[in-house]
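The sequence and structure come first, and the points grouped by topic follow.

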Amino acid sequence: MKQDDKAGPIIVFDAECILCSANAQFVLRHDRARRFRLASMQKATGAALYRRFGIDPANPESLIIVDGDAVLKDSDAVLAIYAGLGWPWKAIAVLRFIPGFLRDPAYRWLARNRYRIFGRRETCWVPSPGDADREL
């Protein structure tokens, strides 16, 4: 599967997870440059991207950001999202100075427990018609 590298990074997320969907909505609302695109793991494109990078789409351990042939996951992906949104959200990227071996266990715990803590949607969240062109 080859992507158009000029189209910008793709955030692959769980559209049934209430926390993940809220984050996707946050990105759409604050990404004024329209840099990011979204792909739900429940759809073919998102599932294929997970498989491409060795992640089981039925039991993902992380949201990922795919930019061409590069992938970010775990806390690096979350921090890259906020860095890509510009100011003031970019300030959150200062957390990159905390080593990943300290950040990632907290991220993974939250990811494993996301449904229990935040809940799960009966149907996948989809963006509004105005942002439909950003969904893959």
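In this predicted model, what covers the buried residues of helix α3 includes β1 (10–13), α1 (18–30), β3 (64–67), β4 (70–73) and α4 (100–112). The structure also holds eight salt bridges, and some of them are described below.

- Nine of the eleven residues of helix α3 (residues 74–84) are buried, so the helix is largely enclosed by the rest of the structure.
- The buried residues of α3 are D74, S75, A77, L79, A80, I81, Y82, A83 and G84.
- After α3 comes G86, which has a positive phi, near 85 degrees.

**The salt bridge between R114 and D14**

- R114 and D14 form a salt bridge through their side chains, with an N to O distance of 3.0 Å.
- This pair links distant parts of the chain, since R114 belongs to helix α5 (residues 114–118) while D14 sits in the loop between β1 and α1, 100 residues apart.
- Both R114 and D14 are buried.

- D74 and R108 form a salt bridge in which the closest N and O atoms are 2.9 Å apart.
- Because D74 lies in helix α3 and R108 in helix α4, the pair ties together parts that are 34 residues apart in sequence.
- D74 counts as buried at 3% relative accessibility, whereas R108 is partly exposed, with a relative accessible area of 34%.
- R108 also meets D104 in a salt bridge (3.7 Å, N to O), and these two residues both lie in helix α4, four residues apart, about one turn of the helix.
- D104 is buried, its relative accessible area being 11%, and salt bridges with shared partners join D74, D104 and R108 into one network.

Key. Residues are numbered from 1 along each chain as its sequence is written. This is a predicted model: local features need pLDDT of at least 70, side-chain atom pairs count only at pLDDT 80 or more; totals for chains, interfaces and linings use all residues. Side-chain values use heavy atoms; hydrogens and water are left out. Buried means under 20% relative accessible area, exposed over 50%, partly exposed in between (1.4 Å probe, protein chains only). Contact means heavy atoms within 4.5 Å. A salt bridge is a side-chain nitrogen of Lys or Arg within 4 Å of a carboxyl oxygen of Asp or Glu.
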